[in-house]
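Dear colleague,

I am passing on the structure below, and I would be grateful if you could look through it alongside my notes. The notes follow the sequence and the coordinates.

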Amino acid sequence: MPADPSPGLAGETPARSTGTPQRSAVDRPPRASATSAVEVRRSTRRSRTVSAYREGDRTIVLIPARMSEAEEQRWVNVMLDKLAVQESKRILGDSELTERAERLSAQYFEGRARPASVRWVTNQNTRWGSCTPAEGSIRLSHRLQGMPEYVVDYVLVHELAHLLVPGHGPRFWRLLEAYPRTERARGYLEGVVAADRLPHLPAARGE
């Protein structure tokens, strides 16, 4: 879903220059980095700072025009890490969760999925979310709090789809194809489940 750039803004981070000469007196047009979901924008008006924010499914990284390719890649990685940390600390309230669900419904289901309520619950430890189509209610497990936004969005989209199709048949999964990060989010959640099943190793001596 289109995200408000403000919450995703990693802020202005001072960038140390290595003396790389100025490339152009005119701003260069945006270009995609090696990662398709990341767009790097260079500017001659930006001389010492680097910033980044989310814009829909993309991450925009703003850097000085004179940076080398190696510096660009290093700062992209730094800013992606900063955004991930910020997003993991930001927890949506129930009202924000409801607004987010409504925006997701508008974007992926043409507004046809209309939840009556969306809220966090603490009694769902074996599932990430649940939906009662007859009531139009959606509940998300509190364990999702602090996870990346695209993961929370996937669970919301999943439950919104149940307002349109109750079961998990082919029609249901076709609906989920509209959300571009479905496989990535499912992989993330599967990784969390797998990690939870690992045996707890004994502490090392002296710990």
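**What was found**

In strand 5, Val61 is the bridge partner of Ala52. The two strands involved, strand 4 (residues 49–55) and strand 5 (residues 58–64), run antiparallel and are joined by 5 bridges, where two strands pair if DSSP finds at least two bridges between them. Strand 4 is mostly covered, with 5 of its 7 residues buried; buried means under 20% relative accessible area, exposed over 50%, and partly exposed in between, with a 1.4 Å probe and protein chains only.

Before going further, please keep in mind that this is a predicted model, in which local features need pLDDT of at least 70 and side-chain atom pairs count only at pLDDT 80 or more, while totals for chains, interfaces and linings use all residues. Residues are numbered from 1 along each chain as its sequence is written, and side-chain values use heavy atoms, with hydrogens and water left out.

As for the overall layout, the protein chain has 6 helices and 8 strands, these being DSSP runs numbered from the N terminus (H or I of at least four residues for helices, E of at least two for strands). From the N terminus on, the order of the elements is α-β-β-β-β-β-α-α-β-β-β-α-α-α. Of the 207 residues, 42% count as buried. Among contacts with a separation of 6 or more, 53% come from residues 24 or more positions apart, a contact being heavy atoms within 4.5 Å.

An open sheet of 3 strands has the order 6-8-7 with mixed pairing, and its edge strands, strand 6 and strand 7 (129–132), each pair on one side only. The twist from one strand to the next averages 20°. Strand 7 runs antiparallel to strand 8 (residues 137–141), to which 4 bridges join it, and in strand 8 the bridge partner of Cys131 is Ile138. Helix 3 lies across strand 6 and strand 8, running at about 130° to strand 6; angles run from 0 to 180 degrees between N-to-C directions, and axes are lines fitted to C-alpha atoms, for helices over the stretch in contact.

Helix 3 (residues 94–108) also packs against helix 4 (residues 149–164), at an angle of about 70° and with the axes 10 Å apart. The two helices are therefore roughly perpendicular, on a scale where angles under 35 degrees count as roughly parallel, over 145 as roughly antiparallel, 65 to 115 as roughly perpendicular and the rest as oblique. The residues making this contact include Leu97, Ala101 and Leu104 of helix 3, and Val152, Leu156 and Leu160 of helix 4. They divide into 8 nonpolar, 1 polar and 3 charged, with Ala, Val, Leu, Ile, Met, Phe, Trp, Tyr, Cys and Pro counted as nonpolar, Asp, Glu, Lys and Arg as charged, and the others, Gly among them, as polar.

Helix 4 packs with helix 6 (residues 182–197) as well, at about 105° with axes 9 Å apart, which makes helix 4 roughly perpendicular to helix 6. Here Tyr150, Val151, Tyr154 and Val155 in helix 4 meet Thr182, Arg184, Ala185, Arg186, Tyr188 and Leu189 in helix 6, and the residues of this contact divide into 7 nonpolar, 1 polar and 2 charged.

Glu110 is found in the loop between helix 3 and strand 6 (117–121), and is exposed, with a relative accessible area of 70%.

With kind regards
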